[in-house]
Structure formats: structure tokens, C-alpha cells
Amino acid sequence: MLPVIKGRVAWIFPEPNFDIDLIVGVSNIKIKDVEVLKSVCMKDYDSSFINKVQPGDLIIGGENFGYGHPHYPAFIALRALGISAVIAESFAPGFYRGETSNGFPLIECPDILNYVARWDVLTLDWEQERINNENSGVSLRCLPIPQKTKDLVKHGGILNYLRANRLSESKS
Amino acid sequence: MGKTIVEKILSKNLGRSVSAGDEALFSPDIITAYDYPGYIDKYEEQLRELGIKRVTNREKYIFFIDHFVPASSAKEQELHQGTRRFARENGIKLVEGKGIGHQVIMEMGYARPNHFIVHFDGHISTVGALGSLGIGIRNSMIEAIATEQVSLVVPGTVRIELEGSLSPGVTARDVFHTIVRQIGPAGARACIIEYGGKGLKSLDLDERMTLCNQAMFLGGVSSIMETDERVYSFFKERRLDGYEEVGPDPDAHYEKIIHLNLTEVEPVIVVPPSPANTVSITDVLGTPIHSGYIGSCASGRVKDFEQAASILRGRKVIDGFRLNAVPTSTEIQAKISEMGITAQLIEAGALVSFPSCDFCVGRLGALADGESALSTGTLNIPGRMGSTKANIYTASAYTIAASAIYGKITDPREFF
Ligand code: SF4
């Protein structure tokens, strides 16, 4: 089943071509320990972010979000803090492939920056492919969500997806 | 309707016609990887989790050890040992000490025209210079390794039609960053960048590799180029088989067609903190610089060192300036030494290193707080080459050589 995506907008990165390594700081991208990653996460943006964020919260991004060399620690940290999806105007293709392979929902919504404020509550309608802003009542159309992305999210990542869809003989 | 190069390659791969937007399972001709914590070691763990003992079709694989080269700690050596063992157990070709994989894969004949190659890392797009389609598939590497197929939506194509030829003091780096400046860092987002036209023929393969390498900084999935006599010679000189012509159909459909006259391109500088920020060199002339790096999978080829040496010959790097010249492969290293370039660079005061990724990530030649570097590396985000309080400017080998003489950003055209 696809997860329910309903959460507050914990942060908005309106800048285009945002390099996600900045979320933990480039000097921290070799860190493996999740607790340490959590402690450095978003420090340059909001020093008390980790105290404010709660499970289900969302990140909003601009155009070509994930540009550059997107390393994994930033989203290991954000997911550990409870972030449940990123909704952006568009994503850099490498970042998109990488994070969706990790089973993490990335949703493209061209109008998103115009209709959200920090801490608004948003819901995603997977069927209708719409984002609803519970605070303002505005409903926005997303770009079609590829079936592969839905499958990866549903299975919680590439390994379970492969087991269920592509390696059926080895299951038995 | 006619097809773009990527549509042709992927149609051939699938055995039926596909166009941009079609999703299918494609079979990579080559699966390549490098070791780094969380890469090959992780694929091994994932294979175990999937209950797969060995990779099939091991001739499709080539692995590289190009990061942490040479190892500087027991821990790094242990990582390499794990890769060596995994490769041995699976009968996978492993290449170490020969240079950066994105380069060596071409020199060894694994990147052929019309072939489809997958890697974790998007800079595999470099192989587009030989008419090979290289795509960085990130964490779906395990999809390729476990099933030998990857699901892909055939990307649309942005065509870059090159005309003219480069002016003195101007390089392929300037061309690429000028394109970023012209169409924006998202200008080819989610597309293949297809280069062609008369101007392309004026660029040698080293320059073409530089252009293809950086597809991701235009938001691209990869780059690909039309092949010609020069590509054919690349194969012939190395006694490699497999040359085929690569080109689009005349009535192919493009998302965009960009025209660029190479003659009009001028030296540019990418200023911190992102590959998105290109400015004209005249905007930053005189900026103090402490260190220079000519190398990486983007540059560091014979052409780059020829350019640097043409400026540094008979001149000296200013005292206190550290100039690191890092050939991308041992083939290049041998070639520049045969050509006398190594001696000229050393004479001028440069440090000429062995091939390694490590300068590109600041494991070697690191920057301290407050320092500024000029680099032909791929990325200029703060912290990429050491301190997060250091500034990284990206530029051509000509610009770096000229700036090394004065210790500040200098227009290389002064030397022509
Ligand atoms: S040279 Fe730099 S960008 Fe290229 S593969 Fe090595 S570390 Fe990565």
C-alpha cells in the first residue's frame, strides 16, 4: 500500500538547483552514524530544526532540486527525523532516481512554491495526483507520478521491489 | 518520425522501436562501478539479501579502484581488499592504479559506440564522446546487478548544434560553462544532451569528453555525441574493435535545439558555491588564488596539460602557489611525459601527481579556511576540496596556468 502523505511543511527551499549536501553540510557527508547526521541536519538553515520537526513532515523545493552531486546522508538524516516526502517544482534526474530507489516519495508539482507557507499542512492524493493545502484549501495538480516511483515507494525501496516484481523465481 | 541518438541506441538495445517517454527494461551492455564506502560493498550486501550468490554474465562488468588511491590508511586498504575479493569471487574484471574509471573504461575499449553503460555515478556520461550512452542510475545499481536490466523512461533530447571553432585561450570547459550560462543549470533537465554539427568536428576527443562529462550540471541524464573519423581513430590506435557510426535521424524530434558558435565563446569562471554560477572571467580578474588543480574525470587529459604547459613553458608558478597537475589515467600520464609536458610543468613549479580521484574530493591537496582554489574538478560546492570556508572557482587549464603565474585570476588570452 502507498503510505499516507500528510504533514506539515517543515522547510521550504525556494532556490532553484538546490544542492542537498548543504542540508547536512558538505564536510559531514562521510558520516555514517544516523544520530550524528541528525544532529548536524539543517543547522545552517534553522538551528532548532531538529526540535521542531515531527514525523510525517514535508520538505518543499524549487526547480531542479537535488542538483550537483547529491549524496545520501542528507536524506538519511531527514528521513530519520521523520520527513515523509519532498514536493518540488522539479527534481534533478540523478537525485530523483537515487531517492525513489530508496523508496522515498518525491513528487513534482510545478506550482507548489506559490501556494505554500512554512507549517501549512499538506496532503497528497496518490490517486488523483493532487496536493491539497489544508490551511488554504488550495488543491494543486502534480505532474504524473511514474508507476515505477509508486511501486518503489509501496515496496519501501529497490530491494523489496525487485523481490516482488523482478526476481519472482528466486522467492520460491 | 526519426529518432535522436538516445532513441536509436535504446531501440537497438530493446530490439523494438522506442521514443522519448516510453518506459521499458533495458539491458546494459556494461555495468561499471568504483569502490567507495557504501558502493561495491553495499552491492555485495544487497546481493546477499536478495539470495543471489554470483553475478551472471560477468563479462559485462568492469570495476575500478580510483578513489582512495593509493590508500592512506589500513581502513582504506581494507575497503579495496573487499572489492578485490568480491571481484575475484565473481570473476569480474577489476582495474586499479590505472586512473579514473570514467576515463579508463574508454581507453580499455569497454565504451563502444551505440552501447549502453550503467554506473552509480552520473559522470559516466563522459563516454558519450565515443557515441556510448552512459547513465548514472544511482541506487538502482542493484537492479542492474541483480537482474541485468534497468527500467528507464527514454529521455527526451536537447540538441546542441556547434558551429565554428575555438578562439585562442578558450577551451571545452569554457564551452560547457557557457552553455550552462546560456540555457541555465536546468536547461536540459531530465534530458539527454546530444552534441553535433560542424563545430563538434573541430574539437578533439579530450575536449569532447570534457563536454560530455558534465551533463548533470545542465540537469541532464547524460550526453551523447555524433561519431566521426576522430572516434574511429581512437579505436584504431588502440587496436580496439567495435567502431560504429552514431548519429541521429535527420527528422528526429528534440525538446530544444541550441545553437552555439564556438568562435564566440570566451573564458569563463564558475564561482562558488555551485556549478550553476558562471561569470565572465573579466568579472573576477585579480581575485587572489592560492592553489590550482588540473585533473578529475572532467579534465586532466593530454589536451589540458598541453594547454597548461603552453603557458607555463619558460615561466614560473608564483612562490607560495600550489599547482597540482593530476593526469586522469596512467595512459595520459605516460603520454604527457613522452611529450615532455611533465618536465615543463615540473620546471615551472607544478606538482605532477599520479592519477587519482583524491584531489577532486580534497583528500589530497586540501584547502584550508580562507583559501581560494582554481580547479578543473567537477564541483565547487564549499567543502568539496577541504575546508568549507575555502572558495573553489572552476576554470580551464589555460586559466589556471595563467593565474598560477600571478597568484590571482588572470585572463589566459594575455598569453596569446
Ligand atoms: S574525478 Fe571527481 S567527480 Fe570524477 S569520479 Fe573522481 S571524485 Fe568523482
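Begin by selecting K42(B) together with Y72(A), where K42(B) lies over the ring face of Y72(A) at 5.8 Å from the ring centre; a charge is taken to sit over a ring if NZ of Lys or CZ of Arg is within 6 Å of the ring centre and within 35 degrees of the ring normal. This is a predicted model, in which local features need pLDDT of at least 70 and side-chain atom pairs count only at pLDDT 80 or more, while totals for chains, interfaces and linings use all residues. Residues are numbered from 1 along each chain as its sequence is written, chains are lettered from A in the order in which they are written, and side-chain values use heavy atoms, with hydrogens and water left out.

Next, select R238(B) and F234(B): the charged end of R238(B) sits over the ring of F234(B), 3.8 Å from its centre.

Now turn to the ring pairs. Rings of Phe, Tyr and Trp (for Trp, the six-membered ring) pair if their centres lie within 6.5 Å, and planes under 30 degrees apart count as stacked, over 60 as edge-to-face and the rest as tilted. The count comes to 27 aromatic pairs over all chains. Select F13(A) and F65(A), whose ring centres are 6.1 Å apart and whose planes stand at 45 degrees, so the pair is tilted. This pair links distant parts of the chain, 52 residues apart, with F13(A) in strand 1 (residues 6-13) of chain A and F65(A) in the loop between strand 2 (58-61) and helix 4 (73-80) of chain A; helices (H or I, at least four residues) and strands (E, at least two) are DSSP runs, numbered from the N terminus. F13(A) is buried at a relative accessible area of 0%, and F65(A) counts as buried at 0% as well, where buried means under 20% relative accessible area, exposed over 50% and partly exposed in between (1.4 Å probe, protein chains only).

F75(A) lies in helix 4 of chain A and F95(A) in helix 5 (residues 93-101) of chain A, so the pair ties together parts 20 residues apart in sequence. To widen the view, select the cluster linked by ring pairs, which includes W11(A), F18(A), Y45(A) and F104(A).

Finally, select C212(B), which is buried at 0% relative accessible area. How many disulfides are there over all chains? A search of the whole structure finds 0, a disulfide being a pair of cysteine sulfur atoms within 2.5 Å. The closest cysteine sulfur to that of C212(B) is in C297(B), 12 Å away and therefore too far for a bond.
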